[in-house]
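Let's take a friendly walk through this model, from its sheet to its aromatic rings. Please keep the structure open as you read.

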Amino acid sequence: PDGKVISSVFSTRLEAEQQVFKWKDLKKRNAIESSNSRCMTINKFFEEWFGVIASETAKEFQSGWRERQYQYYRDYIGPEIGTIRLRDITPAHIKRVFVSMAKLGRSPQTQRLVYSTMRKMFGDAVETYQYTTFNPVVRKLKPAIHVEEAVHLSLDQSKRLLTHVEGRKYELAIWLQLYLGLRVGELVALKWEDINFESGRITIRRAFIRKTGVFREYPKGGKHHSHSFPKELLEKLQIAHGSRKCDWVVTSTRGN
């Protein structure tokens, strides 16, 4: 595809002719790999892939996910398979990454995030860049997660918590999280304009990303969602709304 000669050495003429036939067939289907990809290492491809994707999806990069992908590659993927040629990578190499992570004591959840990063990276190598024809991150390598029942406060514990925070700076924040189960980033990004006192509903429109220190104009999942709240929370919100000093529902001790 790049106009350069592809060459290999074979022990017999028959093997050479068979390979030429395969190459010609791949070329007709525009599936033949370029000369560049024949010597490209995983490290080199990651530099190209990560740089292009990060520039094309600046909004996603700000969310922190792109930063985590870079961290996963730096800490786990690169040290294990970075020097291997892209065309030579196999599922066995991918498995080495997870074995190494397990020895480091990394959780199955973290391993699954690394799996997603590699699945996307090598998938783009096949579909977008056409550097190779096979994604070695096969589904059977996806780390399994043992689901455990979440631990929740009992009704008595919840009442004690609400009593304990009464009159404190973060009283309203605790009430909102306890009644609505908001993520911390959604709570921090909540504005008074998001609360409809007449209908008794709160709409979640944005989230604060602590790692990057920016507000994202959509919550996790990319869609706005709303919640109804009971009378006792409504009363707390109305009192706080009457003495508000800014657009944010909850603020820090410095008022920001």
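Strand 2 (residues 201-204) pairs with strand 5 in the antiparallel sense over 4 bridges; two strands count as paired if DSSP finds at least two bridges between them. T203 has S226 in strand 5 as its bridge partner. These strands belong to an open sheet of 3 strands, with the order 1-2-5 and antiparallel pairing. Strand 1 (195-196) and strand 5 (225-228) stand at the edges with a single partner strand each, so one side of each has no neighbour in the sheet. Strands (E, at least two residues) and helices (H or I, at least four) are DSSP runs, numbered from the N terminus.

A word on the source: this is a predicted model, in which local features need pLDDT of at least 70 and side-chain atom pairs count only at pLDDT 80 or more, while totals for chains, interfaces and linings use all residues. Residues are numbered from 1 along each chain as its sequence is written, and side-chain values use heavy atoms, leaving out hydrogens and water.

Now to the rings. Rings of Phe, Tyr and Trp (its six-membered ring) pair if their centres lie within 6.5 Å; planes under 30 degrees apart count as stacked, over 60 as edge-to-face and the rest as tilted. By this rule there are 12 aromatic pairs, including these two:

| Pair | Centre to centre | Angle between planes | Type |
|---|---|---|---|
| F45 and Y131 | 6.0 Å | 80° | edge-to-face |
| F46 and W49 | 5.9 Å | 45° | tilted |

What does the pair of F45 and Y131 tie together? F45 lies in helix 3 (residues 42-56) and Y131 in the loop between helix 7 and helix 8, so the pair ties together parts that are 86 residues apart in sequence. Both F45 and Y131 are buried, meaning under 20% relative accessible area, with exposed over 50% and partly exposed in between (1.4 Å probe, protein chains only).

F46 and W49 are 3 residues apart in helix 3, about one helical turn. F46 is buried at a relative accessible area of 4%, and W49 is buried at 0%. Ring pairs also link F46, W49, F50, Y70 and Y73 into a cluster.
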